[in-house]
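I set out here what I looked up in this entry, item by item.

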Protein chains: 4
Amino acid sequence: MELSEPFAQTRALYERKGFGRGRVGFGHHPALLVVDLARAWTDPASPLGSNLDSVLERTMSLLEVARRRRVPVTFTVTAYEASFNDVPPIMLQKLPHRRVLVVGSEWVALHPGLARRETEPLIVKKHTSCFADTPLMSQLASRGTDTLIVTGCSTSGCIRATVEDSFRFGLRTIVPAEAVGDRSRQAHEANLFDIDARYADVVPCDEVLAYLAGVNGIA
Amino acid sequence: MELSEPFAQTRALYERKGFGRGRVGFGHHPALLVVDLARAWTDPASPLGSNLDSVLERTMSLLEVARRRRVPVTFTVTAYEASFNDVPPIMLQKLPHRRVLVVGSEWVALHPGLARRETEPLIVKKHTSCFADTPLMSQLASRGTDTLIVTGCSTSGCIRATVEDSFRFGLRTIVPAEAVGDRSRQAHEANLFDIDARYADVVPCDEVLAYLAGVNGIA
Amino acid sequence: MELSEPFAQTRALYERKGFGRGRVGFGHHPALLVVDLARAWTDPASPLGSNLDSVLERTMSLLEVARRRRVPVTFTVTAYEASFNDVPPIMLQKLPHRRVLVVGSEWVALHPGLARRETEPLIVKKHTSCFADTPLMSQLASRGTDTLIVTGCSTSGCIRATVEDSFRFGLRTIVPAEAVGDRSRQAHEANLFDIDARYADVVPCDEVLAYLAGVNGIA
Amino acid sequence: MELSEPFAQTRALYERKGFGRGRVGFGHHPALLVVDLARAWTDPASPLGSNLDSVLERTMSLLEVARRRRVPVTFTVTAYEASFNDVPPIMLQKLPHRRVLVVGSEWVALHPGLARRETEPLIVKKHTSCFADTPLMSQLASRGTDTLIVTGCSTSGCIRATVEDSFRFGLRTIVPAEAVGDRSRQAHEANLFDIDARYADVVPCDEVLAYLAGVNGIA
């Protein structure tokens, strides 16, 4: 990644400490995870939204290759019962803007350009991490997944938390830099920096496309 | 929190969106969690270390009140078997500086100033989150904890990940700003900002001290 | 519990070992969990079903008191996407009879006699344990629950697995004997015996009704 | 399995329902899990113990082949801090006989005949399930494990709970019938029956030995 001034200083500090340049690399059995690319986030008119057009475009390129190479694809969306009784009450207290994220509403419909197929799981999740209180790890483990490619939004929320859990479960975790986005440029950069230093390899999207093109997915 | 320039812009954006100012407040049954204040992090000569003297001092003040009011205290440290066969192999590949964190070594001994008591659990953890693959949630739930006060280090690693999981479990999560630290000032600020916007209330340490002083802990 | 011959021998063995008579008792903040009382299990004509009329009747009595005393109530049902891509493929291989458990189908509709209210969460789960990959623990912890009363079916499947996880999380776990059921009498008895020896207090339903009648639930 | 009278009736019922005969079979990437074969359980003089000599012998045979074929091996033992502050207080209330299971004591030392190697992880766990609050799933997932062979004790406690979680994570779970044991013959049989009907394939030990002999483990 190119780094703006404050991150360059931190990286210099990390390098003196021998911290932050470890690479996990690609494994042999990848899966593609597309996080929360639904209207609430992709429509700038939404209270949570911003312009994520280029993130969507890059994700669609990744989807195209993944489907061609039979690499498993999973989608997620954060959504709640209309009563919000499916989450602790403090969730809405801390994050009142999530009040629009109701199961079945237009706000939580995936962007139509993603063209999710029936065979591609859609996980409805309650927390930022796609692993928290969901069957994601079961799905990945049962397919022998060793590499998880994470795209979507938001870098400072669901992407960050998902990548932390993915690393914890021992998955080689890859973030294609241009295929994740955030409403705040500052939060995006700061979190990509932390993610790359601690949990996942942040790499150019083209590198991930080239890798996927050479993979043989499900037999 | 006072904010430097880039965060002020992000906060302005968040406020236009109605995002990031939700408060969870204090509950009635707090616990104090002291994260990774061991020599590997508190000794500036360690590959992972930096000067955390003021963080230690603030944490000791919080400990003093918590013990006086009989508020449950838990400590954690990240440590591994000498063979490192207790974690996925990619952990060391990504974070080679963790090679010093061996169970029983001087690097993972808690700072003596904390004076941990036998009755205060010490959780040896493998991941950044204190909840991941540990009995922490069992311990907190069985005591009826509704409020978790998180101190220690590092803000951009274990504090951030712990606070995410604490919020997910519905605990009112409180971060006393001066009682958490990080080797990088930039990473510290960026993560405190995200934590306050998304998962926990970041408040002055004095406010937490005043709250604890009025609590009746374990009967 | 009254015990048939083989269990009486095992109990005698356990007693010589000082094993199996520990009691957890009731706490102060109970919640009521009603497990899988949907048509697939309550209709004897279903491939998974059997006559659970008395279990339903007892559960309705518990519900009546719980609602009156404002004790939190949660329902669960096991159900899958029609594609079954939300669970590992071996699930259907091992348990092909679960093929009927499709989200939205008549088989997974709760028994109408339970009259679930909008404010009572319904958790759609994938596994036998109501805690596995669901937000149940978050919901309970955020309410300060210390006692979980478990009713429904099947004793040898979802009840057993749920009670194991409930105990692990430190909740005082109570099974009203007549309010849980199973298609097999033998499996029912053997599992109630194990549950009582290891994880929860199995007590007469009337004792639980009397306890609930004296509780002050949510303020 | 050969079945005594009450189980035969239940199996007949299950067969009429199309329930309980699903097979998961062996996969390509097995791991061997050896559960709690420490002195507290293998020494008949222990409050928790019984004669498990044949279980030990069978497990050693499995270990010999697994090591020869480079199949990953993991051991577990249930053990607590001397203060027991690492688990919810109700654990000892329900299971007072666990008071002897203190970290570092002779009771929790693995049986010397198992000859654990330094490279074979030993997981110190708090609950019956080897997956609960431990890094087991991370270890298995990071090695691409698709098949888990479970041996040790007790069938009605740790084996049953571990197998439930293993199935939930989508692992093909195999129980070699003669390599698991229990202090109670009745509890052993009842739980093997449930395990085979719901979560894992219970097969003769010789079948597992033959399978392992043909496997190529870690490259």
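I began with C:Met137 and found that, leaving out residues up to four places away in sequence, C:Met137 touches B:Met137, B:Ala141, B:Phe169, C:Phe131, C:Phe169 and C:Leu171; contact means heavy atoms within 4.5 Å. I noted that this is a predicted model, in which local features need pLDDT of at least 70, side-chain atom pairs count only at pLDDT 80 or more, and totals for chains, interfaces and linings use all residues. Residues are numbered from 1 along each chain as its sequence is written, chains are lettered from A and ligands numbered from 1 in the order in which they are written, and side-chain values use heavy atoms, with hydrogens and water left out.

I then looked up the nonpolar cores, each a set of buried Ala, Val, Leu, Ile, Met, Phe, Trp, Tyr and Cys residues joined through side-chain atoms within 4.5 Å. The largest has 140 residues, and A:Trp41, B:Met137, C:Met137 and D:Trp41 have the most contacts inside it. A second, separate core of 139 residues includes C:Leu95, C:Val215, D:Ala141 and D:Tyr199.

Next I checked C:Lys94, which lies in helix α4 (residues 90-94) of chain C; helices are DSSP runs of H or I, at least four residues, numbered from the N terminus. Is C:Lys94 buried or exposed? I recorded C:Lys94 as buried because its relative accessibility is 0%, the cut-off being under 20% relative accessible area (1.4 Å probe, protein chains only). Beyond its neighbours within four places in sequence, C:Lys94 contacts residues of chain D, including D:Arg23, D:Phe167, D:Asp196 and D:Asp201.

Definitions and conventions. Helix = DSSP H or I, 4+ residues; strand = E, 2+ residues; numbered from the N terminus. Buried < 20%, exposed > 50% of the residue type's maximum accessible area, 1.4 Å probe, protein only.
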